[in-house]
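Please read this report alongside the sequence and the predicted model. The text takes up the sheet and then the helices.

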Amino acid sequence: MKQITAVIKPFKLDEVREALGQVGVSGLTVTEVKGFGRQRGHTELYRGAEYVVDFLPKVKIEVVVTDEGLDAAIEAIIGAAKTGRIGDGKIFVTAVEQVIRIRTGEVDNEAI
């Protein structure tokens with residue numbers, strides 16, 4: 001099993017959720033986060049004053065998938081989140097040792 005953590009632009013969340021649903025991902029966790037990558041933020045003008053926005057709003061999506069479903073889930077995220085512009089985000093994949101569904105006691109693949 002693998003955990004996919006994707007940090008994407010907020011307006012792409014619905015598209016990514018739908019794309020993951022189409023490849024069989026049944027659940028996900030979403031967190032609103034702030035951060036920056038290569039763009040290092042930007043400057044904005046507000047009421048005539050210029051100020052620097054260091055951290056940009058992003059959305060972090062976390063899903064756990066079977067090893068067999070990993071490639072399809074990654075492709076779904078890339079296809080739905082990509083704009084071709086700087087700041088599209090990143091995907092991180094980590095190994096998951098065990099999953100337990102609290103309500104039923106199901107373990108590993110049955111718990112996903």
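Four strands form an open sheet in the order β2-β5-β1-β6, and their pairing is antiparallel. Because β2 (29-35) and β6 each have a single partner strand, they stand at the edges of the sheet, and one side of each is left without a neighbour there. Direction ignored, neighbouring strands of this sheet are turned against each other by 20 degrees on average. The antiparallel pair of β2 and β5 is joined over seven bridges, and in β5 the bridge partner of V33 is K58.

| Helix | Strands involved | Angle |
|---|---|---|
| α1 | touches β1, β2 and β5 | about 10 degrees with the direction of β5 |
| α2 | lies across β1, β5 and β6 | about 5 degrees to β1 |

Helix α2 (residues 70-81) has 12 residues and reaches 16 Å from its first C-alpha to its last, which is close to the 16 Å expected at 1.5 Å a residue. Which residues of α2 are buried? They are L70, A73, I74, A76, I77, A80 and A81, and, seen down the axis of α2, the buried residues fall within an arc of 160 degrees, so they line one face of the helix. An α-helix has 3.6 residues a turn, so residues three or four places apart point the same way. The exposed residues D71, E75 and G79 are carried by the face of α2 that is turned away from its buried side. What covers the buried residues of α2 includes the strands β1 (2-8), β5 (56-65) and β6 (89-95), together with the helix α1 (13-22).

Note on methods. Residues numbered from 1 in each chain as written. Predicted model: local features only at pLDDT ≥ 70, side-chain atom pairs only at ≥ 80, totals over all residues. Heavy atoms only, no water. Helix = DSSP H or I, 4+ residues; strand = E, 2+ residues; numbered from the N terminus. Expected span 1.5 Å × (residues − 1). Buried < 20%, exposed > 50% of the residue type's maximum accessible area, 1.4 Å probe, protein only. Arc of directions from axis to C-beta. Contact = heavy atoms within 4.5 Å. Pairing = 2+ DSSP bridges. Axes fitted to C-alpha atoms, helices over the stretch in contact; angles between N-to-C directions.
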